[in-house]
Amino acid sequence: GSLEEVALPFYFGWFLLSSIQDKIKCTSMDFLKTLDTLEAFKKHLIDFSGKAEEVDLEQYFQPTGILHCTTKFCNYGKAEGAKDYAEKQAVKDSYGSIFDLSLSALFVTPRTFGARVSLTEEQLQLWPADAEKQAESVPAAASLPLGSRAHVTLGCAEGVEHVQTGVDLLEILTLQQEGQQGEQVEEMELGTLTYYGTGKWLLNLREPISAPACFSSFYG
Ligand code: 2AM
């Protein structure tokens, strides 16, 4: 009935605790600042602005609200599978619990800026089985391991919707799976920076960032 539908949230996810939010915002801004100055990045600037002109990446990406890793986008019940997800035993059991998320990489594209989240077996219990398949613009993503799409959106270019961040991550992981090594351009303090073409940059973190996060939902 309509009452049940109203009771479903906009989305479920892990919400990073405030102490770690500040740390991640600092680390990610430092990364953008450094990326901006690299010759390798400047060489591919055209991917970002359509011109070979400088971009200020810190301005280019609009900040997001509270940092989180979406598990299930429910759209108040209108999204496919929303009700089934909300009724899963694992979801009910874990609601309100704190988890330790592992942020294993940062990625930048002309559309989005995000952090890859590497989920544990336990965390995968809360991951929808069809999350990767639902990215229709990346059909090959259906054969990626469960949880490949897990990420925290750190920023989006003007006019780009947040949902794009996970799609961009899936595009990069699909290229990797197809055997594209990418171009290892730089050893940075944070880790190895690789370029995958058409404006896709991935920084594999030498030391994953451990981020405590509360599994909950957002109503808006
Ligand atoms: P995000 O997880 O990449 O940040 C509300 O819009 C939240 O739900 C955002 O965090 C957003 O993207 C995510 N979201 C929006 N539409 C979605 C969709 N169709 N599939 C998965 N996540 C979605």
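This is a predicted model: local features need pLDDT of at least 70, side-chain atom pairs count only at pLDDT 80 or more; totals for chains, interfaces and linings use all residues.

Me: Got it. Which residues surround the ligand?

Reply: The ligand has Phe10, Tyr11, His68, Thr70, Phe73, Arg149, His151, Thr153, His162, Val163 and Thr165 around it.

Me: And how far is the side chain of His68 from an oxygen atom of the ligand?

Reply: An N or O atom in the His68 side chain is 2.6 Å from a ligand oxygen. For Thr70, a polar side-chain atom is 2.6 Å from an oxygen atom of the ligand. His151 also has a side-chain N or O atom 2.6 Å from an oxygen of the ligand.

Me: Nice. How much of the ligand's accessible area does the protein cover?

Reply: On its own the ligand has 460 Å² of accessible area, and the protein covers 79% of that.

Me: Switching to aromatics. How many aromatic pairs are there?

Reply: The count is 19 aromatic pairs. One of them is Trp14 with Phe99, an edge-to-face pair with 5.8 Å centre to centre and 70° between the planes.

Me: Which strands do Trp14 and Phe99 lie in?

Reply: Trp14 is in strand E1 (residues 11-16) and Phe99 is in strand E4 (residues 98-108), so the pair ties together parts that are 85 residues apart in sequence.

Me: Trp14 and Phe99: buried or exposed?

Reply: Trp14 is buried, at a relative accessible area of 0%. Phe99 counts as buried too, at 7% relative accessibility.

Me: What about Phe48 and Tyr60, how are their rings arranged?

Reply: Phe48 and Tyr60 are edge-to-face, with 5.5 Å centre to centre and 65° between the planes. Phe48 belongs to helix H4 and Tyr60 to helix H5 (residues 57-60), 12 residues apart, and their pair links distant parts of the chain. Phe48 is buried, with 7% relative accessibility.

Me: Which aromatic cluster are Phe48 and Tyr60 part of?

Reply: Their cluster is made up of Phe31, Phe41, Phe48, Tyr60, Phe61, Phe113, Tyr195 and Trp201.

Me: OK, on to the nonpolar core. How many residues does the largest one have?

Reply: The largest nonpolar core has 51 residues, and Phe31, Leu101 and Trp201 have the most contacts inside it. Strand E9 (residues 201-218) gives the most to this core, with 7 residues.

Me: What does the second core include?

Reply: That one is separate and has 14 residues, among them Ala105, Ala141, Val167 and Leu173.

Me: Now His44. Where is it, and what is it in contact with?

Reply: His44 is in the loop between helix H3 (39-43) and helix H4 (46-49). Leaving aside neighbours within four places in sequence, His44 is in contact with Glu183, Tyr195 and Trp201.

Me: Why does His44 count as buried?

Reply: Its relative accessible area is 16%, and buried means under 20%.

Me: Last one: where is Ala90 found?

Reply: Ala90 is in helix H7 (residues 89-94). At 24% relative accessibility, Ala90 counts as partly exposed. Not counting residues up to four places away in sequence, Ala90 touches Gln125 and Leu126. The C-alpha atoms of Ala90 and Leu202 are 32 Å apart, and these residues are separated by 112 residues along the chain.

Note on methods
Residues are numbered from 1 along each chain as its sequence is written. Side-chain values use heavy atoms; hydrogens and water are left out. Helices (H or I, at least four residues) and strands (E, at least two) are DSSP runs, numbered from the N terminus. Buried means under 20% relative accessible area, exposed over 50%, partly exposed in between (1.4 Å probe, protein chains only). Contact means heavy atoms within 4.5 Å. Rings of Phe, Tyr and Trp (its six-membered ring) pair if their centres lie within 6.5 Å; planes under 30 degrees apart count as stacked, over 60 as edge-to-face and the rest as tilted. A residue is near a molecule or strand if one of its heavy atoms lies within 4 Å of it. A polar contact is a pair of N or O atoms within 3.5 Å; within protein, one must be able to donate a hydrogen and the other to accept it, and residues adjacent in sequence count only if both atoms are side-chain atoms. Accessible areas come from the Shrake-Rupley method with a 1.4 Å probe; for residues, only the protein chains shown count as cover. A nonpolar core is a set of buried Ala, Val, Leu, Ile, Met, Phe, Trp, Tyr and Cys residues joined through side-chain atoms within 4.5 Å.
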